[in-house]
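Please read it alongside the sequence and the coordinates.

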Amino acid sequence: MGETRKGDLHLVALTKTFGTFTAVQPMDLTIPQGSFFALLGPSGCGKTTTLRMIAGLEAPTAGSIRIGDQDITATKAHQRNVNTVFQSYALFPHMTVLDNVMFGLKRRGDKDARRKATEALELVQLEGLGGRKPVQLSGGMQQRVALARALVNRPDVLLLDEPLGALDLKLRRQMQIELKRIQQEVGLTFIHVTHDQEEAMTMADTIAVMNAGFVEQIGDPATLYEKPHSTFVANFLGQSNLLRAEVVPGSPRDGITLVRSHDADLEVATDHLPAGASDVWLGVRPEKLRLGEVGGPNRLRGTVRDVSFTGVAIQYIVRMPWGRELTVVQQNDGSARASLGEDVTVSWAAEHGFALDASQDAEA
Ligand code: ATP
């Protein structure tokens, strides 16, 4: 991750057990200063517990937390320069919006509290609404107030615990873009907890995918999506169309290796194969598959079992003769469509497949 900076957040063997249950297995993570980092995983995988340890709301069982070279493991929550935005906005209902945002600064005797709070409200595009009471604002606006309040003292780290969970889908999508803009504008470290992979991919520069208390893989959204290291990550980030296959011995040539899956020889880029693997899961994302023989040398025949129109795309479920179903997503670009019950060829390019070592990874 290159040189470390004084605002980088380091989790060092950070662990949390509740009785005999380990919610967070020893975790080592560096979150670079100024990054938008997402902790992504299913319910119960330990995301919130990790966040609460960073906030100082939960004491780690072992390990440490540093910001730069400053160890904050034993620092009380209110003395850490770390703020949290929760799904529930937790605004003071009797105070105006401006007073809510200024509250912490005024308590600390900051003479510039009003100016800073006004600027924070501008940042979240609520200028002019400082005199209102929270109840006079929509849910999305209240969430912006909570955000302004959490940003007003420029924390080292802003923690976001499913902050958009209470918003409807359209507002949620708007706020994802908005949060990303705000993070880029203020340049502070944001750590966002979510179980929604699309949300994490939309906003974060780096995502840590968690499963059962472990970090399974860390990377930028495109790498995690296109080169997952495990079936868990492959499946959690979207449809992955995994096919069991065997590497054909002696086949690597010109950067291509052959694998055999249900009597079909399929090509995969050799550098997408785990070294030494012989049994693999071959995965291809739905939008990389084509119906017809236009997508590449890899071809499988199957029968269309479902056609769904989603607006921007058409999604097909194609069943292979051995029962496996592949999901194919085609742009709704006016090209000919396949119909239910039709026999079709599904094809794709070698470089669009990824492979996982099946001997290490029973599919989830
Ligand atoms: P969710 O999105 O559902 O909150 P999560 O990934 O954030 O999931 P955590 O809330 O961190 O998960 O919980 C991880 C595990 O630790 C869960 O199995 C949970 O039941 C357990 N856990 C969390 N807090 C406590 C507690 N105070 N006492 C006992 N077990 C706990």
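Strand E1 (residues 9-18) and strand E2 (21-31) pair in the antiparallel sense over seven bridges, where two strands pair if DSSP finds at least two bridges between them, and where helices (H or I, at least four residues) and strands (E, at least two) are DSSP runs numbered from the N terminus. Within this pairing, Leu-11 stands opposite Leu-29 in E2. This is a predicted model, in which local features need pLDDT of at least 70 and side-chain atom pairs count only at pLDDT 80 or more, whereas totals for chains, interfaces and linings use all residues. Residues are numbered from 1 along each chain as its sequence is written. The chain averages a pLDDT of 93, with 99% of the residues scoring at least 70, pLDDT being the predictor's confidence in each residue, from 0 to 100. The scores of the model are ipTM 0.96 and pTM 0.91.

E1 and E2 belong to an open sheet of four strands in the order E2-E1-E4-E5, with antiparallel pairing. Its edge strands are E2 and E5 (70-71), each of which pairs on one side only. Helix H1 (residues 47-55) packs on the sheet, touching E1, E2 and strand E4 (62-67), and the direction of H1 makes about 60° with that of E2. Contact here means that the C-beta atoms of two residues, placed from the backbone, lie within 7 Å; axes are lines fitted to C-alpha atoms, for helices over the stretch in contact, and angles run from 0 to 180 degrees between N-to-C directions.

On its way through the sheet, the pairing continues from E1 to E4, which are antiparallel over five bridges, and Leu-9 stands opposite Ile-67 in E4. E4 in turn is joined to E5 by two bridges, again in the antiparallel sense, and here Ile-67 stands opposite Gln-70 in E5. The hairpin of E4 and E5 has two residues between the strands, and Gly-68 takes a positive phi near 60° in this hairpin.

The helices come next. Two packed helices are described by the angle between their axes and the distance between the axes. The table gives these values for two pairs that involve helix H2 (residues 97-107).

| Helix pair | Angle | Axis distance |
|---|---|---|
| H2 and H3 (residues 113-123) | about 130° | 9 Å |
| H2 and H4 (residues 139-151) | roughly 25° | within 8 Å |

The angle of about 130° makes H2 oblique to H3, since angles under 35 degrees count as roughly parallel, over 145 as roughly antiparallel, 65 to 115 as roughly perpendicular and the rest as oblique. H2 passes H3 in a right-handed crossing; a crossing is left-handed if the near helix is turned anticlockwise from the far one by less than a right angle, and right-handed if clockwise. On the H2 side the contact is made by Val-97, Leu-98, Val-101, Met-102, Leu-105 and Lys-106, which meet Ala-113, Arg-114, Lys-116, Ala-117, Ala-120 and Leu-121 in H3. By class, this contact of H2 with H3 has nine nonpolar, no polar and three charged residues, with Ala, Val, Leu, Ile, Met, Phe, Trp, Tyr, Cys and Pro counted as nonpolar, Asp, Glu, Lys and Arg as charged, and the others, Gly among them, as polar.

H2 and H4 are roughly parallel to each other, and their crossing is right-handed. Val-97, Asn-100 and Val-101 in H2 meet Val-145, Ala-148 and Arg-149 in H4, and the residues of this contact divide into four nonpolar, one polar and one charged.

Another open sheet has five strands in the order E13-E12-E11-E14-E20, with antiparallel pairing. Strand E13 (264-269) and strand E20 (353-357) stand at the edges, each with a single partner strand, so one side of each is left without a neighbour in the sheet. Neighbouring strands of this sheet are turned by 45° against each other on average, direction ignored. Strand E11 (residues 243-247) and strand E12 (residues 256-261) pair over two bridges, and the bridge partner of Val-247 in E12 is Val-259. E12 and E13 pair over six bridges in the antiparallel sense, with Asp-265 in E13 as the bridge partner of Arg-260. In their hairpin, which has two residues between the strands, His-262 takes a positive phi near 50°.
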